[in-house]
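Here is a short tour of one protein model, written to be read with the structure open beside you. Take it section by section and click along as you go.

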Amino acid sequence: MVTVEPGPWSLAPALAMDEITFRSDTVLSDVHLYTPNQRRLMVRLNGMGQPVFLSQFKLLWDRDSQTDSGAEGGDHTEGTPPAGTICSRVGASLQAGASTTTPEGLAAQLDEDGDLDVVRRPRAASASEPPGPPRDKVHPTILMQEEDDVLGDEALESSPYNVIKIEHTMATPLEDVGKQVWRGALLLADYILFQRDLFQGRTVLELGAGTGLASIIAATVAQTVYCTDVGADLLAMCQRNIALNSHLLASGGGVIKVKELDWLRDDLCTDPEVPFSWSEEDICHLYGHTTILLAAEVFYDDDLTDAVFKTLSRLAHKLKNACTAILSVEKRLNFTLRHLDVTCEAYDHFRGWLRRLEGLAGGRLRFAVEPVDASFPQLLVYERIQQLELWKIFVEPVTDPIMSVDKASQPFS
């Protein structure tokens with residue numbers, strides 16, 4: 001995460017965007033910092049006057065990845081995917097990992113001085129350095145406000161299933177970081193694509209969905225996805241991103257419902273006058289059918305982490321079925337004056353909650369926690385760093401709880 005604030009935001013020529021000013025009250029996701037400029041376009045201003053950008057994220061698909069979790073190379077297929085899958089190929093700008101050897105290339109090559117010219121083997125797409133252009137400082141291309149059809153890229157000319165399009169903001173205050181795309185959401189989306197059978201036909205609830213990227217990917221295989229967060233402007237962005245990627249959802253038949261879910265409230269908003277509120281039918285369906293809960297990159301503040309885990313516990317006690325929560329987190333290192341050392345306080349607080357869940361006894365539910373091996377294939381183009389982690393929480397009912405139901409229904413205070 002980088003603290004940065006762009007220069008004056010206006011519909012001025014792109015030259016005005018070349019310089020950035022660093023400040024301490026704004027944050028910029030590494031995803032946007034390293035996204036090639038030609039894949040990030042400013043399209044409009046949102047209801048709060050913030051510039052909104054449209055980025056393309058490549059979807060990679062390998063036929064061997066369906067059965068071999070270690071396969072990351074091989075042939076790529078384009079065209080309409082079968083139901084519940086995303087089929088795409090690597091575009092021309094991302095083929096750095098493909099073989100370009102020809103019969104003529106097998107012979108030794110000499111440079112102009114007669115020395116042996118050694119050609120290095122290209123790095124794979126999952127290497128530590130992302131493919132594509134080198135990392136430049138941020139200077140997005142400025143388009144006319146509300147301009148449509150801005151993705152005239154060769155990737156879309158070949159097949160629309162190669163790309164997921166996400167609208168987002170950049171360099172936001174901390175309270176608006178949900179409007180950016182974070183690596184943890186891409187890791188979670190990767191896991192969903194890898195574990196399609198786990199999500200097939202399920203009802204899924206995502207907490208703190210942000211731009212909705214993981215919910216969109218989940219809806220390619222799940223039957224119903226509740227994409228939840230707070231703030232009408234953010235939820236409207238989710239709704240717009242769902243519409244931008246409707247072609248990905250059509251084959252699987254999944255439905256995404258954008259709803260408000262505030263972790264600081266004990267109940268769901270049912271006021272029909274409030275945008276993205278819940279109907280009684282939605283609430284009954286949520287509690288009656290949900291078996292998977294998702295959360296990505298929402299563990300950066302201790303108070304919010306407390307609220308997330310209390311919400312998970314509250315929901316788990318209301319669900320009629322056993323459920324699995326899949327959590328994505330990035331272990332961020334920060335130097336603190338209090339410790340005079342590099343620490344991971346937010347991550348340590350997150351791990352403390354996992355231990356607390358495992359230690360619960362005598363309640364109506366049993367919580368089992370386990371890490372997920374992150375060596376599964378990378379099907380989205382981003383920088384998968386070692387600090388990215390996935391955790392699973394399995395929640396099952398206890399047949400003979402020691403505690404009373406009233407006490408067990410609220411294990412956290």
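## Ground rules and overall make-up

This is a predicted model, so to speak of local features a pLDDT of at least 70 is needed, side-chain atom pairs count only at pLDDT 80 or more, and totals for chains, interfaces and linings use all residues. Residues are numbered from 1 along each chain as its sequence is written, and side-chain values use heavy atoms, with hydrogens and water left out.

The chain has 11 helices and 15 strands. Both are DSSP runs numbered from the N terminus: helices are H or I with at least four residues, and strands are E with at least two. Of the 413 residues in the chain, 49% are buried; buried means under 20% relative accessible area, exposed means over 50%, and partly exposed lies in between, with a 1.4 Å probe and protein chains only. Among contacts with a separation of 6 or more, 73% join residues 24 or more positions apart, where contact means heavy atoms within 4.5 Å.

## The largest pocket

Rolling a probe the size of a water molecule over the atoms shows where empty space is left. The search runs on a 1 Å grid over the protein atoms alone: a cavity is a set of points where a 1.4 Å probe fits but cannot get out, a pocket is an open set with protein on both sides within 12 Å along at least five of seven lines, and lining residues have an atom within 4 Å of a point. Grid points are joined across faces, edges and corners, and a volume is the space filled by probe spheres set on the points.

The largest pocket holds about 660 Å³ of space. It is lined by 36 residues, and the closest to its centre are Val177, Gly178, Asp229, Leu234 and Tyr300. Two or more lining residues come from each of α5 (213-218) and α6 (232-244). By class, the lining has 19 nonpolar, 7 polar and 10 charged residues. Here Ala, Val, Leu, Ile, Met, Phe, Trp, Tyr, Cys and Pro count as nonpolar, Asp, Glu, Lys and Arg as charged, and the others, Gly among them, as polar.

## The second largest cavity

There are 3 cavities of 30 Å³ or more in the structure. The second largest cavity has about 100 Å³ of space. Its lining has 13 residues, of which Leu312, Ser313, Ala316, Phe367 and Val395 are the closest to its centre.

Elements that give two or more residues to this lining are α9 (302-318), β11 (323-330) and β15 (388-397). Helix α9 gives the most, with 5 residues. The lining of this cavity divides into 12 nonpolar residues, 1 polar residue and no charged ones.

## A closer look at helix α9

The expected span of a helix is 1.5 Å times one less than its number of residues. The 17 residues of α9 should therefore span 24 Å, and its end C-alpha atoms are 25 Å apart, which agrees. At the start of α9, a side-chain oxygen of Asp301 comes within 3.1 Å of the backbone nitrogen of Asp303. The buried residues of α9 include Phe309, Leu312, Arg314 and His317.

Thr305 lies in α9 and counts as buried because its relative accessibility is 0%. Leaving aside residues up to four places away in sequence, Thr305 touches Val298, Phe299, Tyr300, His349, Phe350 and Trp353. Thr305 and His349 are 44 residues apart in sequence, yet their C-alpha atoms are 7.8 Å apart in space.

## Single residues worth a click

Ala171 counts as buried because its relative accessible area is 11%. Leu33, found in helix α1 (residues 30-33), is 138 residues from Ala171 in sequence and 9.6 Å from it in space, C-alpha to C-alpha. Leu33 is buried too, with a relative accessible area of 17%.

Glu297 also has a positive phi, near 55°, and is found in the loop between β10 (290-296) and α9. At 11% relative accessibility, Glu297 is buried.

Last, look at Arg44 in strand β3 (residues 40-45). Arg44 is buried, at 11% relative accessibility. Its side chain makes a polar contact of 2.8 Å with the side chain of Glu167. A polar contact is a pair of N or O atoms within 3.5 Å; within protein, one must be able to donate a hydrogen and the other to accept it, and residues adjacent in sequence count only if both atoms are side-chain atoms.
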